Amino acid sequence: MQMARVAGTVVSTQKDPKLVGLKLQLVRPLDILTGEDAGRPLVAVDTVGAGIGDVVMIVGGSSARQTDRTASSPVDLAIVSIIDLVEVEGTTVYDRRGFAGEGSQ
Amino acid sequence: MKFGKVIGTVVSTQKDDNLTGVKLLVIQPLAQDLTPKGPAYIAADATGQAGTGQIVTIVFSADATQAFPQRRIPVDASVVGIVDDCTAARLSQGTR
Amino acid sequence: MYLAKVIGPVVCTVKHPAYEGRTMLLISPIDAPDEYEVAVDYVGAGVGDTVIAGGAPGVAKSVFNLDKAPIKTLIMGIVD
């Protein structure tokens with residue numbers, strides 16, 4: 001799984017019927033160690049109610065369909081958790097409460 | 001499976017129900033000689049016993065979901081073994 | 001499936017139940033020595049052997065008759 005930041009919301013009316021009711025978010029993958037952008041922005045189905053600015057965990061490929069909401073939908077990327085804390089080798093690299101290192105801005 | 005080194009942990013309270021109780025680890029991917037190779041990612045611990053500093057084996061995508069007893073679990077990387085020894089990779093874990 | 005060279009054994013005491021009692025070997029594709037995979041061997045391959053390796057979702061489940069098998073790569077033959 002990858003760490004990412006929710007950068008925006010994607011709205012689509014004309015779409016596969018199996019995407020109706022699913023919230024689509026634009027996410028920016030982040031480097032876990034530095035908190036910096038890593039890779040192109042991607043569209044993910046949000047299964048946990050994340051908001052803009054939240055740091056989340058995204059799961060890709062067929063695994064993205066392994067949630068109750070996405071089980072039968074044509075999706076390949078899902079937000080499956082909102083990250084509270086990331087600790088690497090004893091150092092807190094991200095803390096949702098704001099005492100973060102480079103992981104938050 | 002690939003080798004990885006556990007370098008940290010991820011804590012999350014708001015998450016998919018089937019991720020409840022599943023430990024999330026920060027993994028540094030390793031080449032076959034156990035040197036770091038590529039950016040760190042998050043894996044779910046299917047052994048329940050992996051900890052920081054250990055060399056582990058990891059499966060991905062559809063195989064990763066197979067590592068858990070739940071019918072559905074949204075994970076694309078799972079730790080399935082803790083490596084004790086791989087002479088080919090010149091590993092002597094426990095001494096590091 | 002692809003051809004690979006067996007580099008050596010991988011030993012794990014703590015492992016997923018699907019790996020219980022199985023032999024894990026470090027292998028490297030013969031045409032890409034910088035790449036590797038940790039594979040489950042069920043045909044008795046040894047270090048230095050050239051083997052047929054591969055796998056796809058569901059293959060390990062049927063080979064080992066398991067409900068769930070988080071196993072990607074199998075060694076299914078030794079090349080003569």
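These questions and answers walk through a predicted model, starting with one chain and moving to its contacts.

Local features need pLDDT of at least 70 and side-chain atom pairs count only at pLDDT 80 or more, while totals for chains, interfaces and linings use all residues. Residues are numbered from 1 along each chain as its sequence is written, and chains are lettered from A, ligands numbered from 1, in the order in which they are written.

Q: Which pattern does chain B follow along the sequence?
A: Helices (H or I, at least four residues) and strands (E, at least two) are DSSP runs, numbered from the N terminus. Chain B has one helix and six strands. Read along the sequence, the pattern is β-β-β-β-α-β-β.

Q: What is the radius of gyration of chain B?
A: This radius is taken over C-alpha atoms, and the globule rule is 2.2 Å times the number of residues to the power 0.38. For 96 residues the rule gives 12 Å, and chain B comes close to that, so it is as compact as a globular protein of that length. The C-alpha trace spans about 40 × 25 × 25 Å along its principal axes. The radius of gyration is 13 Å.

Q: What percentage of the residues of chain B count as buried?
A: A residue is buried if 20 or more other C-beta atoms lie within 10 Å of its own, exposed if 12 or fewer, and partly exposed in between; C-beta atoms are placed from the backbone. Of the 96 residues of chain B, the buried share is 59%.

Q: Which residues have the most contacts inside the largest nonpolar core?
A: Such a core is a set of buried Ala, Val, Leu, Ile, Met, Phe, Trp, Tyr and Cys residues joined through C-beta atoms within 7 Å. The largest one has 88 residues. Its largest share, six residues, comes from β5(B). The residues with the most contacts inside this core are A:Val56, A:Ile58 and B:Ile42.

Q: Which element gives the most to the side of chain B that touches chain A?
A: Two residues are in contact if their C-beta atoms, placed from the backbone, lie within 7 Å. Here the contact takes 27 residues from chain B and 31 residues from chain A. On the side of chain B, β1 (2–11), β3 (41–45) and α1 (61–65) each supply at least two residues. The one that gives the most, with five residues, is β1(B).

Q: Which residue of β1(B) stands opposite A:Val86?
A: Two strands pair if DSSP finds at least two bridges between them. Four bridges join β6 (residues 85–88) of chain A to β1(B), and these strands run antiparallel. Opposite A:Val86 stands B:Val10.

Q: How many residues does β1(C) give to the side of chain C that touches chain B?
A: The contact takes 21 residues from chain C and 25 residues from chain B. Elements giving two or more residues on the side of chain C are β1 (2–15), β2 (23–29) and β3 (37–41). The largest share comes from β1(C), and that share is eight residues.

Q: What is the bridge partner of B:Ile82 in β1(C)?
A: Strand β5 (residues 77–86) of chain B is joined to β1(C) by four bridges, and the two run antiparallel. The partner of B:Ile82 is C:Val14.

Q: Near what value is the phi of B:Leu34?
A: Most residues other than glycine have a negative phi. B:Leu34 lies in the loop between β2 (24–29) and β3 of chain B. B:Leu34 counts as partly exposed because it has 17 C-beta neighbours inside 10 Å. Its phi is positive, near 70°.
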